[in-house]
Amino acid sequence: MISRPSRHCTVELQALPSRIGQVRRIVSAQLRYWHLDPLIDPAALGVTELLTNVHRHAEPDKQCTVEIALMLDRLTVSVRDQDPRLPRVRECDPVSTHGRGLALVAAVSQTWGMHVRDDGSGKVVWFTLAVPQPAAATGSPWAAYGAGRTAPPPHRATVSRPATAPAPASAPAPVSPVTPASPVSPVSPVSPVTPVSAPAPVAAPAPAAAAASAPPVRERAPAARSAVSH
């Protein structure tokens with residue numbers, strides 16, 4: 001049976017090898033649902049080691065309960081079984097493949113511990129993990145776009161300064177008042193243009209007149225032939 005309130009999850013199971021892997025996946029999915037992805041690996045490793053201890057050492061049976069609870073900045077993972085004997089942390093051989101379960105739990109957790117249940121019907125072994133704090137929100141107007149986005153760099157206008165101070169501008173000349181324009185007289189209609197007649201052709205001078213102006217030519221009478229007597 002699995003109960004999943006908002007910040008609490010409980011799984012009851014027999015600590016058998018086939019069930020241990022299934023519970024590890026359930027714990028990982030629950031932490032992902034709570035947006036605690038950085039805690040998935042240490043929590044899955046810790047719960048696997050505690051369930052393996054129950055499988056190997058708990059008596060009279062392997063019935064147990066896994067509980068994960070999120071309280072503010074701390075995640076608590078606990079395993080409760082029906083064996084009241086408390087486990088011991090043993091010095092393990094560096095080449096040994098078992099006997100270091102609690103040492104691994106202590107290495108990946110912030111705190112850990114164990115206690116016998118009040119009614120003496122079993123024990124509880126637990127460990128805690130620190131919940132990562134979200135980044136502090138800034139007053140930037142780009143914060144509304146989400147923490148995964150990067151605000152564009154602020155625009156910087158480049159201002160060029162003149163080498164020398166500019167000469168003071170002369171005062172503008174006073175503007176003379178504008179004289180109102182006199183009213184325009186209406187335009188008289190244009191009379192139609194009289195067509196121009198072509199000039200008459202100039203007559204050529206008469207040849208007589210030209211001859212009269214020339215100097216007179218005198219003709220010579222032919223010379224008289226002398227009579228020759230034969």
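Mentor: Because the model is predicted, local features need pLDDT of at least 70 and side-chain atom pairs count only at pLDDT 80 or more, while totals for chains, interfaces and linings use all residues. Residues are numbered from 1 along each chain as its sequence is written, and side-chain values use heavy atoms, with hydrogens and water left out.

Trainee: In what order do the elements of the protein chain run from the N terminus?

Mentor: Helices (H or I, at least four residues) and strands (E, at least two) are DSSP runs, numbered from the N terminus. The protein chain has four helices and six strands. Their order is β-β-α-α-β-β-α-β-β-α.

Trainee: What percentage of the residues of the protein chain count as buried?

Mentor: Buried means under 20% relative accessible area, exposed over 50%, and partly exposed in between, with a 1.4 Å probe and protein chains only. The protein chain has 230 residues, and the buried share is 23%.

Trainee: Which residues are in contact with V66, leaving aside its neighbours within four places in sequence?

Mentor: Contact means heavy atoms within 4.5 Å. V66 is one of the core residues that touch the most other members. With those neighbours set aside, its contacts are C9, T10, V11, L13, V23, V47, L51, S78 and V79.

Trainee: In β4, which residue is the bridge partner of L70?

Mentor: Two strands pair if DSSP finds at least two bridges between them. β3 and β4 run antiparallel and are joined by eight bridges. Within β4, the partner of L70 is L75.

Trainee: Which residue in the turn of the hairpin of β3 and β4 has a positive phi?

Mentor: The hairpin has two residues between its strands.

Trainee: Are α2 and α3 roughly parallel or roughly antiparallel to each other?

Mentor: Axes are lines fitted to C-alpha atoms, for helices over the stretch in contact, and angles run from 0 to 180 degrees between N-to-C directions. The axes of α2 and α3 come within 9 Å and cross at roughly 155°. Angles under 35 degrees count as roughly parallel, over 145 as roughly antiparallel, 65 to 115 as roughly perpendicular and the rest as oblique. The two helices are therefore roughly antiparallel.

Trainee: Is H35 buried or exposed?

Mentor: H35 lies in the loop between α1 and α2. Its phi is near 60°, a positive value in a residue other than glycine. With a relative accessible area of 69%, H35 is exposed.

Trainee: What is the omega of the peptide bond from E59 to P60?

Mentor: P60 lies in the loop between α2 and β3. The bond from E59 to P60 is cis, and its omega is near 5°.

Note on methods. A nonpolar core is a set of buried Ala, Val, Leu, Ile, Met, Phe, Trp, Tyr and Cys residues joined through side-chain atoms within 4.5 Å.
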